Structures are given as C-alpha cells and as structure tokens.
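Student: Let us go through this model by question and answer. Please show it first.

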Amino acid sequence: MPEWLALYYREPLELTHGEGRHVWDAQGRRYLDFFGGILTTMTAHALPEVTKAVAEQAGRILHTSTLYLDRHMVELAERIAALSGIPDARVFFTTSGTEANDTALLLATSYRRSNQILAMRNSYHGRSFSAVGITGNSSWSPTSLSPLQTLYVHGGVRRAGPYAHLSDAGFTAACVADLKDMLGQTHGRVAALIAEPIQGVGGFTAPPDGLYAAFREVLAERGILWITDEVQTGWGRTGDHFWGWQAHAEHGPPDLLTFAKGIGNGMSIGGVVARAEVMNCLDANSISTFGGSPVTMAAGLANLTHLLEHDLQGNARRVGGLLIERLRAITAGFPVVREVRGRGLMTGIELVEHDGSPSPEGASLALELAREEGLLIGKGGREANVLRIAPPLSLTVAEAEEGATTLESVLRQVQFTIAGKERP
Ligand code: PMP
C-alpha cells in the first residue's frame, strides 16, 4: 500500500461486523456509528432486505457488464430518473462517486465542446485524474497536471480571504460578481459548473441560501451546464430535501446529477443522471464492466425501497434537527467550538484554538477520545478541524441523545487540553 494512504486513528480500527447503527471491532468492542462508514451506510448496517437481495442475486447469476439487459438495473434507473427532478432523464451507472463525476465531465465537455470547467474552492469530487483536477482542496488534489482547464469559484468557506467578514447577502453578491468577472475573462465557452450542495470533505459547509440559485441564473444565460454532486447530500440526508440541489431550485433542476455512496448501503454503486440530450451526446459506445451489476443493483433497489417506505428523509429531518439543537446547547459554553452547522443528518462541529485559528489537533484528539468512548465520527475541512457527523439515516432519538452525551464528554476533554489544562 502506498504511503499516501492513511487510516484514521493512531491505532488502526479493524471493524468486523455491524447491525443497525452499531459496528463491532476485532476485539469485540461495540461503537455507535456517527459516520455511517463515511456515508456509505445509508439506511442501517446489515439491513436485512439488502442482505437478502444480495444473497439471492449472488446465488442466481453474477455476470457483470452493461452489455446485457438486467431488470434490476432498468428498475433502479427508472426510479432514480423519476426522483432526480431532471426532465426526460437518463441514468448511467458506475462503481463509485469518482467515476460518476468523471462521466459527468466526459458528458459536459463533449456536449459543450469545451474543456473549461468551473469548480468551487474547497470542493472534493473524487480521486481519478479528472476528478482531482476539479477538487479545490490541495490536500486531496495531488497533481496539477489535469487536462481540464479549471477555474475555481468562491462560494463555500469564507473564513479567510477578502470575503471573510461579509454578511450572507454581501458574500452572495461578491461571489456572483466574481463569477461574472471570471466568465468575462475566459476565452471560448465554459462547459459546466460542478458543485456540492453542501461541501462534504470540505467540512460540511453550505453556501448562503440563494447563492447557487444566483449562480444558476448566470450559467443558464450562457448555456453553461450545472452539475450537482450529490454523493454526500443525496437520498434525503439533508432532511428537508431528497437532493441537496432542491434547496437552491429557484432556477430549475440541474443539467447533470451525480450520486454514489449510500444508495448501495456498502455495495459499490455510483451514477450520473442527465437530460437525454446531454446523455446522448457521445459519439461512441460506452460500457462499464462492473457499473450496474445485478448484485449491486439488487442491493440498491432494496435499499431505496426501504428508505422510501420508512420515510428516512423525514427521520433525518426530525432526528437530525434534535441532534443539532442538542449539540448547539451542549457546546455553547465551549470556546473550542466555533460553530455547529448542518442540515438533517449531516452535522459539522468546527473546532478552533483560543486565538480563533483552526484546531486540527483538537479534531484529531476528539476522534481518538470518541473512539475510546465507543463513538465513531469523521473529520474534514480544509484545515482538518471540523468533526463530521453523518450517521445511518435510521438513527433513533435515543441514539442521537447517547451520541450527543458522548460528544459533550469528548469536547469537554478537548476544551481542557486546548486551554492547556490536564484532562479531567
Ligand atoms: N464526490 C463527493 C462529494 C464525495 O464526498 C466523494 C467521496 N468522499 C466523491 C465524490 C468520490 O466518491 P468515491 O469515493 O465513491 O469515488
């Protein structure tokens, strides 16, 4: 394994099995999972319907290729197309979010006959050659040799730089003016803008309401496509909406939507949705060997059915709303916590030192302490100082309470450490 591949935690955590919102390690310790296996467990660990669908399909046929017709793939594509909000939608399945974004770039650049892409600062879109070329976060973008011409747009984090102290309205106006100015300076046509509705790896940061809608107006006037990367924000995770883009829908649906992670509940599914006109623009055939395989499609169908039948989006809104309220209340007296933010079951806790500078050490310590207390959380943000909470969408109120109580204890200890005192 390469040296750039790092695991979480000082001592690697080896997981052996899971059930519901819990996972167990090789020593038999149980953890409440507040990170959903980095959001791949959408509904619940070892969801019986998914396990059954996978086992049945594995016992039937294991061919894997988009060369053959498979009814699970067609059915899942039809359901996702209908849910996407994109008119006359077509779906192409891949095996990961990276490959979904790669395909979206292939489509957008081909449709527009241009390799110019707009991406957001502080974004993360995957790890292929083209995806790192639109990732606006140097820790996750290890090369500058992309064949794409990428222009990075302001709009997510505004902690540093000239926009740091602006109000939401001022920030939105400045970002839109910047976008227009940038477009006035570019040669030729820009193919697309790709954005996460809430930046995931970037630390669960959302743009102010209205910003993406204002961007959309500028793009639509110029025929520039809008790609929404729903790899983290899709499937009802944000509570109020099924997709993150729906919080910014004033100027209509996106042209392309990419998804992955949770839909497979651990099986590798990704995909792109696009208007037929855009999806059909390629001149040659394209095939994926593992994308849309019968086993993963059967898992996706069972998982999506469970999500919709149990209204897990509604659960994300209700339980996520309680969780964020509770976390705000318990962290109110902790100077180490700069902000608790989020939507639905996607909550970020940003940690700072006493001088207000980002505290990556605080975040690393919090991860370790939470593990000791039986809770798994994630971290992110450009300065790696944001705790990321994204449990399976079936989280119960009691589990939310339990996790919040653990986080209170963890953050109290981090607070003591940051203040230079002994841990209690
Ligand atoms: N887009 C976003 C917003 C992501 O968060 C990720 C993964 N963290 C990806 C794309 C890439 O997905 P994958 O890891 O499945 O390739």
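Student: Which residues of α12 do G362, L365, A366, L369 and A370 in α11 meet?
Tutor: This is a predicted model, in which local features need pLDDT of at least 70 and side-chain atom pairs pLDDT 80 or more, while totals for chains, interfaces and linings use all residues. Residues are numbered from 1 along each chain as its sequence is written. Helices (H or I, at least four residues) and strands (E, at least two) are DSSP runs numbered from the N terminus, and contact means C-beta atoms, placed from the backbone, within 7 Å. The five α11 residues meet T406, V410, L411, Q413, V414, T417 and I418.

Student: How many residues of the contact of α11 with α12 are nonpolar?
Tutor: Ala, Val, Leu, Ile, Met, Phe, Trp, Tyr, Cys and Pro count as nonpolar, Asp, Glu, Lys and Arg as charged, and the others, Gly among them, as polar. The contact of α11 with α12 has four polar residues and no charged ones. The nonpolar count is eight.

Student: At what angle do α11 and α12 pack, and why are they oblique?
Tutor: Axes are lines fitted to C-alpha atoms, for helices over the stretch in contact, and angles run from 0 to 180 degrees between N-to-C directions. Angles under 35 degrees count as roughly parallel, over 145 as roughly antiparallel, 65 to 115 as roughly perpendicular and the rest as oblique. The axes of α11 (residues 360-372) and α12 (residues 397-418) are 9 Å apart. The helices are therefore oblique, with a packing angle of about 135°.

Student: Is the crossing of α11 and α12 left-handed or right-handed?
Tutor: A crossing is left-handed if the near helix is turned anticlockwise from the far one by less than a right angle, and right-handed if clockwise. The passage of α11 across α12 is right-handed.

Student: Helix α12 also packs with α10; at what angle?
Tutor: Helix α10 spans residues 312-331, and its axis is 10 Å from that of α12. The two helices are roughly parallel, which follows from their angle. That angle is about 25°.

Student: Which residues of α12 make the contact with α10?
Tutor: The crossing of these helices is right-handed. On the α10 side the contact uses V319, L322, L323, R326, L327, I330 and T331. By class, the contact has ten nonpolar, one polar and two charged residues. The α12 side consists of V397, A400, A404, L407, E408 and L411.

Student: How do the axes of α3 and α9 cross, and at what angle?
Tutor: Helix α3 (residues 71-84) and helix α9 (residues 294-309) have axes that come within 8 Å. The two are therefore oblique to each other. The crossing is left-handed, at roughly 40°.

Student: Which residues of α9 touch α3?
Tutor: The α3 side of the contact is H72, M73, E75, L76 and R79. By class, the contact divides into seven nonpolar, two polar and two charged residues. The α9 side is P294, M297, A298, G300, L301 and L304.

Student: Which strands stand at the edges of the seven-strand sheet?
Tutor: Two strands pair if DSSP finds at least two bridges between them. The sheet is open, with order β4-β10-β9-β8-β7-β5-β6 and mixed pairing. Each edge strand has a single partner, so one side of it is left without a neighbour in the sheet. The edge strands are β4 (89-94) and β6 (149-153).

Student: In β9, what is the bridge partner of I227?
Tutor: Strands β8 (residues 225-229) and β9 (residues 256-259) pair in the parallel sense over three bridges. The β9 partner of I227 is L256.

Student: Which strands of that sheet does α3 touch?
Tutor: Helix α3 packs on the sheet, and its direction makes about 125° with that of β4. The strands touched are β4, β9 and β10 (270-275).

Student: What is the average twist in the four-strand sheet?
Tutor: This open sheet has the order β11-β12-β15-β14 with antiparallel pairing. Its edge strands, β11 (337-343) and β14 (378-380), each pair on one side only. From one strand to the next, the twist averages 25°.

Student: Which residue in the turn of the β1 and β2 hairpin has a positive phi?
Tutor: Four bridges join the antiparallel strands β1 (residues 15-19) and β2 (residues 22-25). E19 stands opposite H22. Two residues lie between the strands, and the one with a positive phi, about 65°, is G20.

Student: Which helix gives the largest share of the shell around the ligand?
Tutor: The shell has 15 residues, the closest being S96, G97, T98, G126 and V231; near means a C-beta atom, placed from the backbone, within 6 Å. The shell divides into four nonpolar, nine polar and two charged residues. The largest share, three residues, comes from helix α4 (residues 97-112).

Conventions: Contact = placed C-beta atoms within 7 Å.
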